[in-house]
Amino acid sequence: GLNIQIQKRFAQGFTVQFAYTHSRLMDDTNFLNPGDAHPQKVVSGQDFPNHVTLNSIYELPFGRGKKLLGNAKGAANMIVGGWQLSGLWLFQSGAPLGFGNAIFYGGDLKSVLNISSDQKYWKHWFNTAGFETNSSLQLANNLVVMSSRYSWFRAPRQDYVDVSVIKNTRIK
């Protein structure tokens with residue numbers, strides 16, 4: 001894996017932090033079939049190869065010792081002072097997915113991702129043409145040969161923005 005972290009503390013109570021992680025997590029713990037001699041080596045369900053965070057904190061310039069209302073005392077300082085504004089952006093690759101115990105008739109397995117954007121919707125986001133979709137034709141007993149997860153077939157990425165306002169108050 002690779003970790004990069006940069007933090008900068010500016011004047012006037014402003015701090016920014018950036019972190020990037022690139023990693024690969026593999027599993028070698030589950031058997032594909034009960035009679036297999038060795039567990040399958042597969043990308044882990046917890047593999048998120050790219051993880052980026054950017055966060056910042058800004059101490060608002062109000063209250064005792066600050067630029068605005070710097071002479072506030074007592075209850076006035078407790079009300080106007082100690083405020084912070086914070087933001088966080090997180091981006092993370094999606095989790096790897098597999099097709100379970102599906103019957104695939106052949107061809108290029110990566111072709112299942114080739115579907116035009118006008119045909120994609122929440123129940124149909126990959127091409128099912130190469131798979132047996134009739135449940136009555138599914139096998140009761142069979143040997144699984146497809147991997148349980150693929151690094152190139154992933155759930156949607158995570159992309160979040162969080163903003164918060166924080167109030168620090170000293171109580172004696």
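1. Leu-54 lies in strand E5. Strands (E, at least two residues) and helices (H or I, at least four) are DSSP runs, numbered from the N terminus. Leu-54 is partly exposed, at 36% relative accessible area. Here buried means under 20%, exposed over 50%, and partly exposed in between (1.4 Å probe, protein chains only).

2. A word on the basis. This is a predicted model, in which local features need pLDDT of at least 70 and side-chain atom pairs count only at pLDDT 80 or more, while totals for chains, interfaces and linings use all residues. Residues are numbered from 1 along each chain as its sequence is written, and side-chain values use heavy atoms, with hydrogens and water left out.

3. Now the pairing of E5. Two strands pair if DSSP finds at least two bridges between them. Strand E2 (residues 14-22) and E5 (residues 50-59) run antiparallel and are joined by nine bridges. Val-16 has Ser-56 in E5 as its bridge partner. E5 also runs antiparallel to strand E6 (residues 83-92), again with nine bridges. There, Thr-53 is partnered by Leu-90 in E6.

4. E2 has another neighbour to check. Strand E1 (residues 2-9) pairs with E2 over eight bridges, in the antiparallel sense. Ile-4 stands opposite Tyr-20 in E2. E1 and E2 make a hairpin with four residues between them. In its turn, Gln-12 has a positive phi of about 65°.

5. Look next at the nonpolar surface patch. Its members include Ile-4, Phe-18, Leu-54, Trp-89 and Val-163. Together, the patch residues have about 890 Å² of accessible area. Areas come from the Shrake-Rupley method with a 1.4 Å probe; for residues, only the protein chains shown count as cover. E1, E6 and E9 each supply at least two patch residues.

6. What makes a patch? Its residues have over 30% relative accessible area and no salt bridge; like charges are joined within 9 Å, nonpolar side chains (Val, Leu, Ile, Met, Phe, Trp, Tyr) within 5 Å. A salt bridge is a side-chain nitrogen of Lys or Arg within 4 Å of a carboxyl oxygen of Asp or Glu.

7. Finally, Arg-64, Lys-73, Arg-170 and Lys-172 form a positive surface patch. Lys-172 sits in the segment after strand E9 (158-167). Lys-172 is exposed, with 94% relative accessible area.

Terms used
Lys, Arg positive; Asp, Glu negative; His and termini not counted. Charge placed at Lys NZ, Arg CZ, Asp CG, Glu CD.
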